Amino acid sequence: MTSIRRAIRGLLVVLALVVVASSCASDPRDVRESAHDHVSMLVDSAAVMGAPDRPIAGPQGAVGQFVVECPFSHALPDDPIVHPGEPGASHMHVFFGNTGANADSTLASLLAHGTTCEQALDTASYWAPALYHDDVMLIPEKSVAYYRAGLEVDPASVVAFPAGLSMIAGDPRAVEPQPASVVAWSCGNGAAREQMPPSCPSGRGLRLDVTFPDCWDGDHLDVVGHREHMRYSSGGRCPSTHPVHVPQLIFSVAYSFAGDPMGLKLASGGVLTGHADFVNSWDQDKLEDEVKYCLQRDVVCGVTSGRVSG
Amino acid sequence: MRSLRTLFSLSILSVSMIACGSSDESAVAPSTESPPSEAPATDAPTTVAPAEGVLNVPADYATIQEAVDAAAGGDLILIAPGTYREAVQVTTDNIVIRGLDRNTVIMDGNFEFDNGFRVVGASGVAIENMTAMNYTKNGFFWTGSNGYRGSYLTAWRNGDYGIYAFDSVGGLLEHSYAAGSPDAGFYIGQCFPCDAVIRNVIAEHNGLGYSGTNAGGNLIIVNSVFRNNRAGIVPNSGSYELCYPQRKTTIIGNQVYSNNQPDTPAIDVAILAMGNGILNAGGVQNVIERNRVWDHDKTGIGLVPFLEEDANDVIPGRDAWETDCAAQKQLMPVIPDGPLLWDSHDNEVLGNVLEDNRRADIAVGSAGTNLWELGNCFEDNTFSTSAPLDLETLAPCGSPLSESTGDWLAGDLNVITWLVDAETAPPSVDWKTASLPDIPQLENMPDAATAPATPASAVPPAIDLASIVVPDKID
């Protein structure tokens with residue numbers, strides 16, 4: 001993107017934020033958050049991280065992976081990454097995995113809590129903006145976390161996330177459709193990746209699919225703005241500034257919601273604002289084993305359950 | 001064939017004998033003093049000498065995982081009776097992990113751990129003579145293995161599958177039992193050719209007794225019992241995993257009965273398939289022969305289409321049916337515009353004995369394709385009802401089928417109504433709390449304490465198919 005186009009985009013973002021802020025002026029919390037994110041948006045943008053070369057979907061079983069399914073844990077207007085120490089400062093989030101995640105979470109506090117995940121040693125925290133239908137919050141059925149090597153990345157080069165790594169994928173302030181390779185909507189286990197929520201048939205409910213970056217700078221567990229330490233690989237390679245291949249986390253939030261997508265919105269704004277957050281508070285030894293045995297050896301260590309829920 | 005097999009297994013063994021240095025920490029087994037047992041528990045290849053390393057749990061290693069991590073190829077891990085709350089990961093080739101008593105060596109996932117055993121990309125690993133229960137995923141699981149064996153295993157109340165091999169070839173599952181899984185008790189998935197045998201197993205009170213998604217090619221299911229599941233034996237095709245369509249499985253000499261069980265945990269497919277004994281759902285070139293099948297609400301043996309709504313790829317044509325799994329993995333999928341209907345093609349249903357299957361003893365159905373174009377044939381079965389009527393006259397084996405053999409529409413199977421039936425079928429019961437038969441006390445592996453370690457050869461035992469007769473009815 002040229003600097004002129006970037007400046008125009010920046011202007012558009014500012015304009016959009018003004019619109020969002022004024023439309024939400026009755027809720028002081030939203031105004032404060034918008035202002036906060038307005039500042040950080042000018043410093044960092046989700047777009048700096050790049051995007052995968054294409055949406056990642058299709059039959060399971062072609063490449064090494066491990067998969068963790070985590071039923072819904074809890075909902076809080078907290079964001080341990082963006083608003084640490086500020087309970088209630090965020091839009092509503094739905095949390096999966098770690099049962100203790102909140103605004104005051106630290107790596108140590110997370111490690112002291114249990115998990116909703118079927119893999120008891122996955123005590124990582126995953127969260128996404130809550131989804132509303134006609135202003136009623138929808139309780140997700142579960143999340144599915146797929147861990148794989150990035151597209152065309154040599155799986156043997158992938159190493160585990162460091163303990164405490166924090167990252168965000170997707171743009172909570174997006175005002176235009178995001179790349180489907182980063183944020184997409186789908187139905188059930190289907191392979192179609194849409195930029196807008198489709199009308200899903202009953203029994204194959206709506207999903208929000210967020211793909212995290214798979215290149216790390218090798219240094220920072222987090223940075224101001226929460227973006228600069230991570231990048232997406234392209235053509236199987238990480239940039240020299242972010243040379244460490246880490247797993248590509250594809251995080252899918254599954255709802256039972258089916259039917260007309262009109263009336264849906266995310267807590268962060270409209271349906272364009274899909275994003276998700278991750279803090280690596282896995283049992284680190286277990287995570288390193290999963291990466292070593294499943295990803296580096298390119299073995300399918302599991303596929304998603306045929307169970308709808310529970 | 002036989003001599004080749006022996007030669008091959010001897011060469012495998014000699015390699016593993018050289019490769020397996022004795023572990024410093026391992027105890028020497030008393031069994032090294034006794035002569036090799038003449039008849040090992042399986043007719044998998046016979047070891048020529050006792051393995052050197054025996055690692056005892058908990059005497060030498062406090063946990064099974066510690067013993068597994070310390071073991072080298074050819075070693076035997078012997079587990080004493082007790083309850084082990086572990087999820088064991090196995091990554092070392094050619095080790096044998098054995099319980100001293102099938103019914104009292106208990107792996108308990110406590111609804112927290114995912115797999116009792118997960119063998120990851122390791123080949124030749126055999127697991128014997130123990131029980132795994134309460135795992136959120138699977139009791140016993142091999143993936144990416146070339147050579148695997150499970151013998152005298154009991155899997156009870158596990159969240160996905162009881163005993164499961166995925167993307168693995170060269171396997172034997174035998175003398176085992178699986179109950180209480182919402183998906184399948186026994187599952188071999190994503191392989192072609194699979195080169196695997198399931199024999200002398202019992203599956204009950206699962207969503208499906210057996211599921212074999214996209215698995216086939218020298219895959220034999222024989223002399224086993226599938227009863228009181230939602231549905232009995234259900235191989236199927238689907239593009240949600242690789243190596244479709246499901247092909248070339250031989251289902252022979254099994255007792256399949258009363259698969260109408262309403263109170264099991266069940267995935268959607270199990271609810272849809274409920275009330276069928278052997279349901280070929282979009283599989284091709286399978287042979288279903290000399291089974292005894294009785295007491296089902298729908299079909300005893302049904303060849304039906306598999307509806308895949310969330311399809312990931314288009315259905316490969318007939319010219320791709322010989323493509324092996326490794327080659328298919330290299331192909332780029334093409335997302336289809338709508339749902340797929342995987343029809344059952346070119347299956348043979350021969351010499352089965354069926355009774356009291358309320359919709360039809362034998363049946364073939366589609367949803368839009370002319371049945372004679374599917375090439376499925378039926379011959380020498382003992383039955384009283386079929387769909388369409390006079391099915392053996394309409395579709396004899398050995399000659400091309402045509403519209404002119406009779407009225408294909410009379411009494412035909414309307415599988416579309418099954419989708420409606422599924423809406424009102426008894427819903428799934430939570431796998432964690434479903435009512436199950438008590439864990440049965442089952443036959444132990446002979447000489448568990450002293451039998452030598454026999455790693456899993458990549459070649460399953462040869463099965464003398466010609467000698468198999470229709471088994472008797474169980475009352």
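Tutor: In chain A, 73% of the contacts between residues at least 6 apart in sequence join residues at least 24 apart, a contact being two residues whose C-beta atoms, placed from the backbone, lie within 7 Å. This is a predicted model: local features need pLDDT of at least 70, side-chain atom pairs count only at pLDDT 80 or more, and totals for chains, interfaces and linings use all residues. Residues are numbered from 1 along each chain as its sequence is written, while chains are lettered from A and ligands numbered from 1 in the order in which they are written.

Chain A has four helices and 15 strands; these are DSSP runs numbered from the N terminus, helices being H or I of at least four residues and strands E of at least two. Of its 310 residues, 50% count as buried, meaning that 20 or more other C-beta atoms lie within 10 Å of the residue's own C-beta, placed from the backbone (12 or fewer is exposed, in between partly exposed).

The strand to look at is β15 of chain B, residues 196-199. β15(B) runs parallel to β12 (residues 169-174) of chain B, joined by four bridges; strands pair if DSSP finds at least two bridges between them. Here B:Ala196 is the bridge partner of B:Gly171. β15(B) also pairs in the parallel sense, over four bridges, with β18 (residues 219-222) of chain B, where B:Val222 is the bridge partner of B:Arg199.

For contrast, chain A holds an open antiparallel sheet of three strands in the order β11-β10-β12. Its β11 (230-231) and β12 (244-245) are edge strands with a single partner each, so one side of each has no neighbour in the sheet. Strand β10 (residues 215-216) of chain A pairs with β12(A) over two bridges, and A:Trp216 has A:Val244 as its bridge partner.

Next comes the core. The largest nonpolar core has 207 residues, and A:Ala145, B:Ile77, B:Phe186, B:Tyr210 and B:Ala273 touch the most other members; such a core is a set of buried Ala, Val, Leu, Ile, Met, Phe, Trp, Tyr and Cys residues joined through C-beta atoms within 7 Å. Its largest share, six residues, comes from strand β8 (residues 125-133) of chain B. Leaving out residues up to four places away in sequence, B:Tyr210 touches, among others, B:Phe186, B:Ala203 and B:Ile221.

Between the chains, 34 residues of chain B are in contact with 31 of chain A. On the chain B side, β7 (115-120) and α3 (268-272) are the elements that give two or more residues. That side has 10 nonpolar, 10 polar and 14 charged residues, with Ala, Val, Leu, Ile, Met, Phe, Trp, Tyr, Cys and Pro counted as nonpolar, Asp, Glu, Lys and Arg as charged, and the others, Gly among them, as polar.

As for confidence, the predictor gives the complex an ipTM of 0.84 and a pTM of 0.86. Chain B has a mean pLDDT of 90, with 89% of its residues at 70 or more; pLDDT is the predictor's confidence in each residue, from 0 to 100. Residues 1-51 of chain B have pLDDT below 50, although this stretch has 86 contacts in the model beyond near neighbours in sequence. Where pLDDT is low, predicted coordinates should not be read in detail.
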